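The following exercises concern one protein structure. Please work through each task before reading its solution.

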Amino acid sequence: MTQVVKAADGRRLAVEVSGKPDGEAVFLLHGTPGGRNGPRPRGIVMYRLGIRLISYDRPGYGGSDPQPDRAVVDTASDVEAIADELGIGRFSIVGRSGGAPHALACAAVLGERLYCAAALSSLAPINAEGLSWCGGMADSNVDAYRDKAGDEDLKAELAKRAGRVRNDPDSLLKSLWPELVSHDRKVVGDIALRRILAEAYAEALQESSDGWIDDVLALRRAWKFDLPSITAPVLLWHGDNDVFSPVHHTVWLAEQIKNSTLEIQPGAAHFSAVEILPRILTWILGMADAERQAERRRLSTLANG
């Protein structure tokens with residue numbers, strides 16, 4: 001079910017809810033580029049798991065209004081507005097690829113409102129101290145995220161790519177194919193998944209390239225939140241063959257986030273984050289249930305003096 005929710009500043013956010021209506025609330029933050037209809041388990045699978053999955057188009061993508069000059073941290077305000085509108089108290093969040101830093105922003109800003117967070121195939125901040133940021137990274141991402149060219153050149157290039165996606169939804173995957181390692185080729189080579197990805201790109205970029213541009217600009221600037229401030233449990237997952245977000249980015253993140261669990265999967269690559277999602281959702285269910293049980297014990301202790 002897709003609906004429009006107003007952000008705190010009045011912008012429209014296109015939101016999709018699937019799975020079990022009264023299930024465990026989990027936000028799924030899409031990649032870059034991407035949208036609310038990106039790859040996820042089928043509704044019946046989420047219903048059986050007992051999950052109410054909420055996804056939305058980040059500003060400028062699909063049905064969401066743009067938010068020029070947004071920072072990664074601004075995602076927290078939009079997620080909170082959606083949760084409030086849907087009557088959700090506490091929830092969990094998972095982001096993959098370009099959505100992963102935005103999930104970490106929510107963990108940092110929203111504090112105890114989150115049960116837990118998961119960041120899959122994440123980048124590290126562009127100014128990460130001691131990190132060889134471009135080491136092992138595919139040329140396409142180096143060109144997009146490192147500030148060799150000015151913002152205007154980046155905008156022109158991404159606008160051109162978005163135009164090609166509108167004419168041929170499969171064009172982005174075609175352009176990435178030479179850089180894909182073996183496991184990514186296996187994942188993207190699945191006809192059904194490739195169709196879902198292509199349709200998600202096409203819908204996300206149907207009106208403009210604003211979302212894609214603003215995502216990249218936000219990710220290659222300061223994120224404007226402190227990773228060490230995160231207190232909610234965080235799962236950091238990465239495939240060790242990822243060439244778009246190299247694995248040492250997530251290793252660096254794990255060093256900054258005290259309450260984090262690092263999981264590196266041998267042989268997996270960037271698009272493996274799509275395959276791993278059902279298991280991540282099961283982890284989230286366990287963490288949320290454990291937190292509720294702990295809260296009940298704390299309340300019981302207080303009640304008994």
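A residue is called buried under 20% relative accessible area, exposed over 50%, and partly exposed in between, with a 1.4 Å probe and protein chains only. The model is predicted, so that local features need pLDDT of at least 70 and side-chain atom pairs count only at pLDDT 80 or more, while totals for chains, interfaces and linings use all residues. Residues are numbered from 1 along each chain as its sequence is written, and side-chain values use heavy atoms, with hydrogens and water left out.

**Exercise 1.** Determine whether phenylalanine 225 is buried or exposed, and state which residues it touches.

Solution. Step one is to locate the residue: phenylalanine 225 sits in the loop between helix H9 (210-219) and strand S7 (234-239). Helices (H or I, at least four residues) and strands (E, at least two) are DSSP runs, numbered from the N terminus. Step two applies the cut-off: phenylalanine 225 counts as buried because its relative accessibility is 14%. Step three lists the contacts, a contact meaning heavy atoms within 4.5 Å. Leaving out residues up to four places away in sequence, phenylalanine 225 touches Val72, Val73, Pro101, Leu104, Ala105 and Ala108. Finally, the C-alpha atoms of phenylalanine 225 and alanine 71 are 9.6 Å apart in space, although 154 residues separate the two in sequence.

**Exercise 2.** Classify aspartate 215 and aspartate 69 as buried or exposed.

Solution. Begin with aspartate 215, which lies in helix H9. Its relative accessible area is 0%, so aspartate 215 is buried. Not counting residues up to four places away in sequence, aspartate 215 touches Gly31, Thr32, Arg58, Tyr61, Arg70 and His102. Next, aspartate 69 belongs to the loop between S4 and H2. With 65% relative accessibility, aspartate 69 counts as exposed.

**Exercise 3.** Describe how helices H2 and H3 are arranged.

Solution. First, take the axes, which are lines fitted to C-alpha atoms over the stretch in contact, with angles from 0 to 180 degrees between N-to-C directions. The axes of H2 (residues 75-85) and H3 (residues 100-110) come within 8 Å and cross at roughly 75 degrees. Second, compare this angle with the classes: under 35 degrees is roughly parallel, over 145 roughly antiparallel, 65 to 115 roughly perpendicular, and the rest oblique. H2 and H3 are therefore roughly perpendicular to each other. Third, name the residues: Thr75, Ala76, Val79 and Glu80 of H2 meet His102, Ala105, Cys106, Val109 and Leu110 of H3.

**Exercise 4.** State how many cavities of 30 Å³ or more the structure has, and what lines the largest one.

Solution. Start from the term: on a 1 Å grid over the protein atoms alone, a cavity is a set of points where a 1.4 Å probe fits but cannot get out, and lining residues have an atom within 4 Å of a point. Grid points are joined across faces, edges and corners, and a volume is the space filled by probe spheres set on the points. A search of the whole structure finds 1 cavity of 30 Å³ or more. The largest cavity holds about 590 Å³ of space. Its lining consists of 37 residues, of which Thr32, Pro33, Ser97, Tyr201 and His270 lie nearest the centre. Helix H4 supplies the largest share of this lining, 4 residues.

Note on methods
1 Å grid on protein atoms, 1.4 Å probe; cavity = no way out; pocket = protein on both sides within 12 Å on 5 of 7 lines; lining within 4 Å.
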